[in-house]
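Here's a walk through the fold, one region at a time. Keep the structure open beside you as you read.

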Amino acid sequence: MKLYRHPLSGHSHRAQLFLALLDVPHELVDVDLLAKAHKAPDFLKLNSFGQVPVLDDDGTIVADSNAILVYLAKKLGRADWLPEDPAGAAKVQKWLSVAAGDIAFGPAAARLVTVFGASLRADEVIARAHRVLTLIDAELADRDFLLGARPTIADVSLYSYVSAAPEGNVDLSEYAHVRAWLSRIEGLPGFVGFQKTAVGLAA
């Protein structure tokens with residue numbers, strides 16, 4: 001498998017992290033976003049949206065980080081990471097939607113300001129980040145992972161941008177359950193970290 005990615009993209013990292021946790025042999029192909037390589041004709045053939053990551057599984061092309069998580073779990077028959085029962089699958093989907101919504105427009109957006117110089121209102125996106133982190137912290141008050149005693153792709157989907165939230169000036173010190181959850185994910189066999197940037201509270 002080939003994973004087209006950028007090392008500072010949390011979307012890319014969540015796909016890379018899941019490949020590593022599953023111990024799937026893969027090649028990382030860096031896409032130069034500053035040089036607009038993701039908008040070049042060859043890349044647009046892989047993903048017409050011009051975004052990383054993209055997974056190439058021997059000619060089967062899967063774009064979108066959450067779609068890659070679902071694809072890998074299904075292809076490899078890993079119902080431990082993506083439950084087959086309707087209730088379990090729905091719970092995972094809820095968190096994938098949180099990753100694509102509240103996380104993308106909160107912690108991820110706050111980090112875009114400091115790491116990439118995005119023209120967003122920092123106070124607004126930081127406030128959004130704290131709202132979703134408060135909810136996640138409460139959810140984790142009585143369980144180790146988002147769905148219960150063991151991790152699923154829901155945890156993988158949220159990890160990267162939550163772990164890097166301090167880079168966007170989002171302080172995690174008040175979220176004890178979130179910080180414990182991050183540590184549990186980081187202790188999983190095969191874990192690979194998200195490349196750090198010395199900006200924001202992480203400077």
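## The sheet

In which sense do strand β1 and strand β3 pair, and over how many bridges? Strand β1 (residues 2–5) and strand β3 (residues 54–57) are antiparallel, with three bridges between them. One spot to look at is L3, which sits opposite L55 in β3. Before going on, a note on what you're looking at: the model is predicted, so local features need pLDDT of at least 70 and side-chain atom pairs count only at pLDDT 80 or more, while totals for chains, interfaces and linings use all residues. Residues are numbered from 1 along each chain as its sequence is written, and side-chain values use heavy atoms, with hydrogens and water left out.

Zoom out and you get four strands in an open sheet, ordered β2-β1-β3-β4, with mixed pairing. At the edges are β2 (27–30) and β4 (60–63), each pairing on one side only. On average, neighbouring strands are turned by 20° against each other, direction ignored. Strands here are DSSP runs of E with at least two residues, helices are H or I runs of at least four, and both are numbered from the N terminus; two strands pair if DSSP finds at least two bridges between them.

## Helix α1 and its histidine

β1 and β2 run parallel and are joined by four bridges; R5, for example, has D30 in β2 as its bridge partner. Together, β1, α1 and β2 form a right-handed β-α-β unit, meaning that with the strands pointing away from you, the path from the first strand over the helix to the second goes clockwise. α1 lies across β1, β2 and β3, at about 155° to β1. Such angles run from 0 to 180 degrees between N-to-C directions, using axes fitted to C-alpha atoms, for helices over the stretch in contact.

H13 is in helix α1. Is H13 buried or exposed? It counts as buried because its relative accessibility is 2% (buried is under 20% relative accessible area, exposed over 50%, partly exposed in between, with a 1.4 Å probe and protein chains only). Its side chain makes a polar contact with the side chain of S160 at 2.6 Å (an N or O pair within 3.5 Å; within protein, one atom must be able to donate a hydrogen and the other to accept it, and sequence-adjacent residues count only if both atoms are side-chain atoms). Leaving out residues up to four places away in sequence, H13 touches Y159, S160, V192, G193 and F194, where contact means heavy atoms within 4.5 Å.

## The covered helix

S160 also belongs to the buried residues of α7. In that helix (residues 153–163), eleven of eleven residues are buried. The cover includes α1 (10–21), α3 (65–75), α4 (86–103), α5 (107–116), α6 (122–139) and α8 (176–186).

From α4, V92 touches I153 and A154, among others. V92 counts as buried because its relative accessibility is 1%.

Most residues other than glycine have a negative phi, and most peptide bonds are trans. Which two residues are joined by a cis peptide bond? They are V52 and P53, with omega at about 5°, and P53 is in the loop between α2 (41–46) and β3.

D58, in the loop between β3 and β4, has a positive phi near 50° and is exposed, with a relative accessible area of 77%. N169 has a positive phi near 65°; this residue is in the loop between α7 and α8 and is partly exposed at 35%.
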